[in-house]
Structure formats: structure tokens, C-alpha cells
Amino acid sequence: MICMARGLKVDIINPSVLRELAEKFPDEAERARRKYKRFDKWLTGEDFPTYNQLVGLSRIFGVPFGDFFLDRLPEKKECEGLVCVKIDLSEDWDMGLKLTRDMWDEWAAENKIRFFKFSEFVKEEGGFIDSQLVLKMERLREYCGFPLIITSGYRSAQKNQEVGGASHSYHLRGEAVDVSINGFSPSMLYRLLRGAFLVGFGGIILYPAHVHLDIRGVEYFAVSDYNKQGKTK
Ligand SMILES: [Zn+2]
């Protein structure tokens, strides 16, 4: 990822990816057009969005930020009614917005979040949660078809210490949740884990009473050694 000031125009994106998106998702394109006056100029490559506008576009179209830099849109395939996207987990993937309480309502409405409330992800004052994590949880919930109880989302450094979390825990960055599996049947647990793979969670760790899910940029699956270390990631 090239480092750039947020106000600068990002003239290394591929306008044809934006055109592909606009053709595929006309409603979203209309929304982008209403929000950004220069949208049509971005389509033709006459002008380019700024970094922040690009983040806005990735939200509107529901695609990873990094897609705009590719030669063409990655292929999506349907699996059991769930759209799963095969993506290259590059650094760009980790470009979720950090959603605060103030940002939540508008963002959640725009992204049609039906299953979760902000307070399920963030219980501490001043906390935040990563938008990519929320989108994945929403898709996972839809896939599972049963409620998912989040026992821990964002954690402050102090809270993380209290619960014995790993020092570089993804919870500190609002990029992880723990989902309770208390009372789950084996088939529910299977569905939760399978769904977590399908929607593209990077880290999936099975603990005795919960599953930890995070959006790290590599695939990582483990059955916890919780009892040995007494740590919870
Ligand atoms: Zn965790």
C-alpha cells in the first residue's frame, strides 16, 4: 500500500474496475453519483477520487478497497445462497473504517445491517469496530440462520489485560469478535465455522465456549490451547 495523504487524488486506480461496478450495480452507481459530483469523470478516468472518496466508494459498492487497483473485478461465486468473494488478502484488504458510535447509524443504514447493533460490538466508552468485520458478521449471521451472541468485540488495552487477552489482540483494533457457542449442537458449530470460512474471516480459533473470529490478512485456523496458556486471543 502506497502511503498517501488523505486529501490527495489517487490517480493509480483503474477506472475500468469502477465502470464494471457501475454497470453491475446501477443502484449503487446512482447513489455514488448523488454523493460525488465528479463520479462520472472518475468513470472515464478524466479525474480521480481522493483516498477518502475511494473508501466511500468501497462502502457504497460493498467491495474491498483494493479492488479499485486491480486489472478487473475479482470473480464472485455463489455458494449456498451466500455470495463469497475469493480475494487476495493483501494489505489493502485491511482498509475497513473504524466505526464509532457517532458513525454507526448512518453507516448501518447505508449498508443494510439488520442483525447487529453497535452495542453488541462495542461495550466500552470511546470504542470502535471495523466496518469489514461488521459486514462479515452480517453475512455470517445470514448464512447461519440462527442468532450469534457476541461475548467480546472491541476491547481497550485495560479491558484486554483484565480478560487475559494476547498483547497484540485483534480485539484492540476492533477487528475481532468472540461468538458464544454455548448450547450449540455439532451441526450449528459446523455451520458457524464453515460460514466463517466462506465469508472470509482470516483468523478462526475454536475455544471451549466460543469461537474467535478476526479479519487478519492471512488464513489462520486453530483449536485453542486455552487451558495451557490461559490466554484468549
Ligand atoms: Zn477473541
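Val63 sits in the loop between helix H4 and strand S1 (76-79); helices (H or I, at least four residues) and strands (E, at least two) are DSSP runs, numbered from the N terminus. Residue numbers start from 1 along each chain as its sequence is written. What you're looking at is a predicted model, so local features need pLDDT of at least 70 and side-chain atom pairs count only at pLDDT 80 or more, while totals for chains, interfaces and linings use all residues.

Back to Val63: is this residue buried or exposed? Val63 is buried, because 21 other C-beta atoms lie within 10 Å. The cut-offs are these: buried means 20 or more other C-beta atoms within 10 Å of the residue's own, exposed means 12 or fewer, and partly exposed is in between, with C-beta atoms placed from the backbone. Leaving aside neighbours within four places in sequence, Val63 is in contact with Leu21 and Ser58, where contact means that the C-beta atoms, placed from the backbone, lie within 7 Å. Leu73 is 10 residues from Val63 in sequence, and their C-alpha atoms are 9.3 Å apart.

Now for H4 itself, which covers residues 51-61. Its buried residues are Leu54, Leu57, Ser58, Ile60 and Phe61. They fall within an arc of 160° seen down the axis of H4, so they line one face of the helix; the arc is that of the directions from the helix axis to the C-beta atoms. Among the elements covering these buried residues are helix H1 (15-24) and helix H2 (26-35).

Two helix pairs are worth a look side by side. Axes here are lines fitted to C-alpha atoms, for helices over the stretch in contact, and angles run from 0 to 180 degrees between N-to-C directions.

| Pair | Axis distance | Angle |
|---|---|---|
| H2 and H4 | within 9 Å | roughly 150° |
| H7 and H9 | 9 Å | about 140° |

The H2 and H4 angle makes the two helices roughly antiparallel, whereas H7 and H9 are oblique to each other. Angles under 35 degrees count as roughly parallel, over 145 as roughly antiparallel, 65 to 115 as roughly perpendicular and the rest as oblique. H2 and H4 cross in a right-handed way, and H7 also passes H9 in a right-handed crossing. Right-handed means that the near helix is turned clockwise from the far one by less than a right angle, left-handed that it is turned anticlockwise.

Who touches whom? Glu28, Arg31, Ala32 and Lys35 of H2 meet Gly56, Leu57, Ile60 and Phe61 of H4. In the other pair, Leu140, Tyr143 and Cys144 of H7 meet Arg191, Leu192, Gly195, Ala196 and Leu198 of H9.

Then there are two loop residues. Lys112 lies in the loop between helix H5 (101-110) and helix H6 (118-121), and is exposed, with 9 other C-beta atoms within 10 Å. Its phi is near 50°, positive in a residue other than glycine. Most residues other than glycine have a negative phi. Glu125, in the loop between H6 and strand S4 (129-130), is exposed too, with 7 other C-beta atoms within 10 Å. The C-alpha atoms of Glu125 and Thr100 are 9.8 Å apart, though 25 residues separate them along the chain.

Stepping back, the protein has 10 helices and nine strands. Of its 233 residues, 30% count as buried. Among contacts with a separation of 6 or more, 65% join residues 24 or more positions apart.

Terms used: Two residues are in contact if their C-beta atoms, placed from the backbone, lie within 7 Å.
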